[in-house]
Amino acid sequence: MKRLYCDNVAFAYEDVGSGSQPFLFVHGWACNHNFFAPQIEYFSRFHRVIAADLCGHGASDAPQRQYTVPEFADDLAWLCGKLGVERAVLVGHSMGGVIAQQLAATHPELSAAVCLIDSVVFPSDAFIAQLELLGDQLAGAAYIQTLQLAAGALFIETDDPVRKAHVLAEMSKTSQHVAVPAFRNHLLDYDASRVARACRVPIAYIAASNLMADLGQFKQLCPQLVTAQTIGSGHFSLLEVPEQVNAMLEGFVKISLPQDRGHAASAFRDGSSLKPGTNVSNTVLGVIGDTPAVRLRSLVTREMADVVVKLEYYNPTGSYKDRMALAMIEGAEARGSLRPGMRVVEYTGGSTGSSLALVCAIKGYRFVPVSSDGFAKEKLQTMRIFGADLRIISSKNGQLTPELFRTMIDTARKLSDQPETYYTDQFNNTDAIRGYMEIGNELLDQAGPEIAAFCGGVGTAGMLMGVSRALKARGCRARIVALEPASSPVLTLGKGGPHRVEGIGVGFRPPHLEDSDFDEARTIDEQEARAVARRLAKDEGIFAGTSSAMNVVAALQLAAELGPGKTVATVAVDSGFKYLAGDLYQL
């Protein structure tokens with residue numbers, strides 16, 4: 001192992017592999033970096049991997065000092081600074097997960113994402129009472145016997161007995177003056193709530209067979225939390241079932257860090273990799289997201305707030321739906337719900353279908369979208385070009401009605417009942433919300449943290465909910481405004497109706513829409529939106545569709561209400577090129 005010295009104290013670590021996205025593995029209480037050996041070997045093929053022995057553990061020195069979560073995190077921050085590590089995926093097992101989250105909260109420049117593996121987080125009162133008793137026993141003369149009994153109880157019957165004996169022997173090497181204060185601090189004295197609120201990056205929790213965390217409370221404090229659970233292992237799942245843990249970590253990185261998809265994550269799929277420092281994606285999926293944002297100039301006045309529009313038509317299919325499609329497909333892959341040889345089914349107005357068709361084409365899945373002739377011909381043709389087996393439901397005079405949507409949904413559900421079929425079910429699939437959260441994170445990076453309001457049209461409500469949760473997770477208190485066509489006022493008046501705004505106003509309240517995640521619902525006149533769409537193209541150079549123009553109409557209303565010195569943000573969801581065959585841009 002390599003060593004670095006801080007105030008004459010040696011810190012031992014491994015630094016292996018290379019790649020665009022570094023990983024930092026943080027071992028658990030009374031353990032050492034070798035407990036992550038399977039993960040170090042696996043991820044170092046495509047990533048730079050740092051795995052340290054915490055102070056007092058393994059090959060690092062064990063001086064008389066404070067052994068607390070903040071101290072451990074500061075040690076790791078110092079080490080990362082010495083090694084030039086930034087924006088790493090922080091992976092911690094047991095106590096290491098708590099340390100990783102502390103590091104992300106107090107040194108945000110070092111963290112791109114955090115994963116806790118079977119860490120004790122928000123334990124019950126009964127569990128705390130047991131831990132207090134155990135802490136007292138560990139401080140006594142029977143330290144080794146108590147440690148081995150406590151750690152031994154974390155295994156299950158199917159765990160390898162030889163590995164169990166090795167784990168207990170390694171843990172017993174930890175000095176009592178290190179283990180006891182570290183135990184008490186991370187389990188009994190540590191304020192996990194404060195740190196959870198402060199953590200802004202994507203977070204995952206991988207549980208073992210016996211859950212050791214209150215994930216409901218964790219989710220309330222960290223809305224971005226995603227969870228998984230291993231099968232057939234106890235607390236040391238990283239050693240017992242490394243293939244499960246590695247797959248879950250890989251899936252978490254792919255759905256949480258879009259910028260990594262074109263580099264290391266793509267290499268996992270096709271066995272290839274790019275040299276560090278290159279800026280070329282292995283597939284078109286790697287360029288989804290990171291879209292530009294512009295400030296309106298001609299449509300606003302000095303008496304209005306700034307209006308920032310995020311140009312989602314820079315995504316590969318010209319739509320923000322690319323984010324959702326990729327998140328739903330890769331989320332299903334990570335869970336094992338979608339496997340090679342299966343087909344994918346969804347009902348769609350065309351943009352979701354085009355995005356899913358693209359993702360499925362790249363990944364090799366058959367795709368069967370259910371759509372209607374009431375949607376733009378360009379969208380229907382795009383799905384066919386990407387190889388989709390398109391099923392068409394006839395509309396009445398091109399009108400988008402609640403009845404039409406119900407028929408499309410019923411048709412998709414019947415198709416999903418067939419064998420070897422995965423139904424993405426965009427209206428109920430929470431992966432969709434996670435896919436859209438990056439819009440909120442990118443807006444904060446582009447427009448600054450003081451966004452006063454965000455507005456967006458409601459179809460599935462995935463985008464509005466994703467952006468809202470991302471803004472809240474990073475401390476932004478923007479007013480969130482849901483939009484719908486005035487002729488289909490489900491959210492405002494409780495009744496649907498016909499309209500011609502594609503992608504929103506589905507005639508029912510979508511399941512994703514949570515009252516706690518938006519502040520107000522407004523109706524927007526469709527004809528006004530059509531007029532603004534043409535003005536956006538002519539005066540601002542923003543070429544988009546009617547639903548994007550509805551977003552801008554509402555943003556202009558909010559800007560007039562808020563006045564100068566504030567910022568309103570919204571999204572141009574897709575490109576005007578998708579609507580040239582209709583009457584929106586007929587001159």
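The side chains of Asp 517 and Lys 472 meet in a salt bridge, with an N to O distance of 3.3 Å. Asp 517 sits in the loop between helix 19 (490-493) and strand 17 (520-524), and Lys 472 belongs to helix 18 (residues 462-473), so the pair ties together parts that are 45 residues apart in sequence. Asp 517 is buried, at 8% relative accessible area. Lys 472 is partly exposed, at 39%. The model is predicted, and these values are computed from it.

The count of salt bridges comes to 30. Another of these pairs Glu 240 with Arg 163, at 3.0 Å from N to O. Glu 240 lies in helix 10 (residues 237-240) and Arg 163 in helix 6 (residues 161-171), so this bridge links parts that are 77 residues apart in sequence. Glu 240 is buried, with a relative accessible area of 14%. Arg 163 counts as partly exposed, at 28% relative accessibility.

A further salt bridge joins the side chains of Arg 535 and Asp 539, with an N to O distance of 3.4 Å. This pair lies within helix 20. Arg 535 is partly exposed, at 43% relative accessibility. Asp 539 is partly exposed too, at 30%. Elsewhere, salt bridges with shared partners join Lys 310, Glu 312, Arg 323 and Glu 442 into one network.

Helix 20 also takes part in helix packing. Two packed helices are described by the angle between their axes and the distance between the axes. The axes of helix 20 (residues 526-540) and helix 21 (residues 546-562) come within 8 Å and cross at roughly 95°. Helix 20 is therefore roughly perpendicular to helix 21. On the helix 20 side, the contact is made by Glu 526, Glu 528, Ala 529, Arg 530, Val 532, Ala 533 and Leu 536. Helix 21 contributes Thr 546, Ala 549, Met 550, Val 552 and Val 553.

Backbone geometry was examined next. Most residues other than glycine have a negative phi. Ala 30 has a positive phi, near 60°. Ala 30 lies in the loop between strand 3 (23-26) and helix 1 (37-43). Ala 30 is buried, with a relative accessible area of 0%. Glu 420 also has a positive phi, near 55°. Its place is the loop between helix 16 (402-416) and strand 14 (421-423). Glu 420 counts as partly exposed, at 43% relative accessibility.

Lys 396 is exposed, with a relative accessible area of 70%. Its C-alpha atom is separated by 17 Å from that of Ile 409, 13 residues away along the chain.

The surface carries a nonpolar patch of about 210 Å². Val 284, Val 287 and Ile 362 make this patch. Ile 362 is found in helix 14 (residues 351-363). At 39% relative accessibility, Ile 362 is partly exposed. Patch residues need over 30% relative accessible area, so Ile 362 passes that cut-off at 39%.

Definitions and conventions
Residues are numbered from 1 along each chain as its sequence is written. This is a predicted model: local features need pLDDT of at least 70, side-chain atom pairs count only at pLDDT 80 or more; totals for chains, interfaces and linings use all residues. Side-chain values use heavy atoms; hydrogens and water are left out. Patches are made of residues with over 30% relative accessible area and no salt bridge: like charges are joined within 9 Å, nonpolar side chains (Val, Leu, Ile, Met, Phe, Trp, Tyr) within 5 Å. Accessible areas come from the Shrake-Rupley method with a 1.4 Å probe; for residues, only the protein chains shown count as cover. A salt bridge is a side-chain nitrogen of Lys or Arg within 4 Å of a carboxyl oxygen of Asp or Glu. Helices (H or I, at least four residues) and strands (E, at least two) are DSSP runs, numbered from the N terminus. Buried means under 20% relative accessible area, exposed over 50%, partly exposed in between (1.4 Å probe, protein chains only). Axes are lines fitted to C-alpha atoms, for helices over the stretch in contact, and angles run from 0 to 180 degrees between N-to-C directions. Angles under 35 degrees count as roughly parallel, over 145 as roughly antiparallel, 65 to 115 as roughly perpendicular and the rest as oblique. Contact means heavy atoms within 4.5 Å.
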